[in-house]
Amino acid sequence: MKNRDVISAAVGIAAAFVLCMGAPSMSVKADTPLNGWYEENGAKYWYENGVRQGTEGRGKEIYDPGSDAWYWLDAADNGKMAVSKDVYQESNGGKWVRYDENGHMIKGWNTNDNGTYYFDLTTGAMYKGKVIIDGVSCVFDDNTGIGVDCKWLEFDGVKYWYEGGRRQGLEGRGKEIFDPASNAWYWLDAIDGGKMAVNKDVYQESDGGKWVRYDANGHMVKGENCKDNAWYRFDEVTGA
């Protein structure tokens, strides 16, 4: 009987100890870091003081000094780190930002299947409309932020050609481009800020070097052409 009494007493002491100390908390797994990332089922979550973040409202924007990058914790996914996603942020007066496949906020130029975009180097805000980037005129859709691509834009009666949101023909002497919409070749003149050349003879390095002519519509002339009462003939293919 003495052994049974000893065992009963030990059990009673253990139960009293548990009641006194309280049951261990199950809100955070034992291997969850007090602060930082925790991966569960292939998804990453951010903890601060042992509490998962980004579960309230729409979510939470956080900065991780370990990777020197900003992230979005998506409340729609219980605080999961957002990847390959555009998100509207209330910070900086309201902005659209993008997170890449690693969850990092994108800054600078970025291209996906929809087109080319530019995100502010400091805030990550998506650029829209007409802006100047590194001294170059750039134009992005006012709604989607997609850069104007392979299209003419006219400013003050002058036409300029844009690709990937950027004005072309600013480097070197200029740039020769083909516009499938008009089935014609054009010259973008660097000395005029990339302006479409009209009524002008230009020396091209293409096709081994050639002199070509652009008419009043900016089209490369091919075949017979009269200028200043003199007749010229330009190659039907190369325009030489």
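What is the mean pLDDT of the protein chain, and what share of its residues reach 70 or more? The model is predicted. Its chain has a mean pLDDT of 88, and 86% of the residues reach 70 or more.

**Stop 1**

Colour by pLDDT and select residues 1-27. Here the pLDDT is below 50. Beyond near neighbours in sequence, this stretch has 1 contact in the model.

**Stop 2: Asn92**

Select Asn92. It sits in the loop between β7 (85-89) and β8 (95-99). Check the backbone: phi of Asn92 is about 55°, a positive value, although the residue is not a glycine. Most residues other than glycine have a negative phi. Now show the surface. Asn92 counts as exposed because its relative accessibility is 54%, and the cut-off for exposed is over 50%.

**Stop 3: Asn112**

Go to strand β9, residues 108-112, and pick Asn112. Is it buried, partly exposed or exposed? At 29% relative accessibility, Asn112 counts as partly exposed.

Show the side chain of Asn112. One of its polar atoms lies 2.8 Å from the backbone nitrogen of Asn114. Leaving out residues up to four places away in sequence, Asn112 touches Arg98 and Tyr117.

Then draw a distance from the C-alpha of Asn112 to the C-alpha of Ile146. The two atoms are separated by 9.9 Å, and the residues are 34 apart along the chain.

**Stop 4: Gln204**

Jump to strand β19, residues 200-204, and select Gln204. Gln204 counts as buried, because its relative accessibility is 2% and the cut-off for buried is under 20%.

Which side chain makes a polar contact with the side chain of Gln204? That of Tyr214, at 2.4 Å.

Neighbours within four places in sequence aside, it is in contact with Glu176, Trp187, Gly209, Lys210, Val212 and Tyr214.

**Stop 5: Asp207**

Follow the chain onward from β19. Asp207 lies in the loop between β19 and β20 (210-214). Read its backbone angles: phi is near 55°, a positive value in a residue other than glycine. Asp207 is exposed, with a relative accessible area of 54%.

End by showing two selections together.

Conventions:
Residues are numbered from 1 along each chain as its sequence is written. This is a predicted model: local features need pLDDT of at least 70, side-chain atom pairs count only at pLDDT 80 or more; totals for chains, interfaces and linings use all residues. Side-chain values use heavy atoms; hydrogens and water are left out. Helices (H or I, at least four residues) and strands (E, at least two) are DSSP runs, numbered from the N terminus. Buried means under 20% relative accessible area, exposed over 50%, partly exposed in between (1.4 Å probe, protein chains only). A polar contact is a pair of N or O atoms within 3.5 Å; within protein, one must be able to donate a hydrogen and the other to accept it, and residues adjacent in sequence count only if both atoms are side-chain atoms. Contact means heavy atoms within 4.5 Å. pLDDT is the predictor's confidence in each residue, from 0 to 100.
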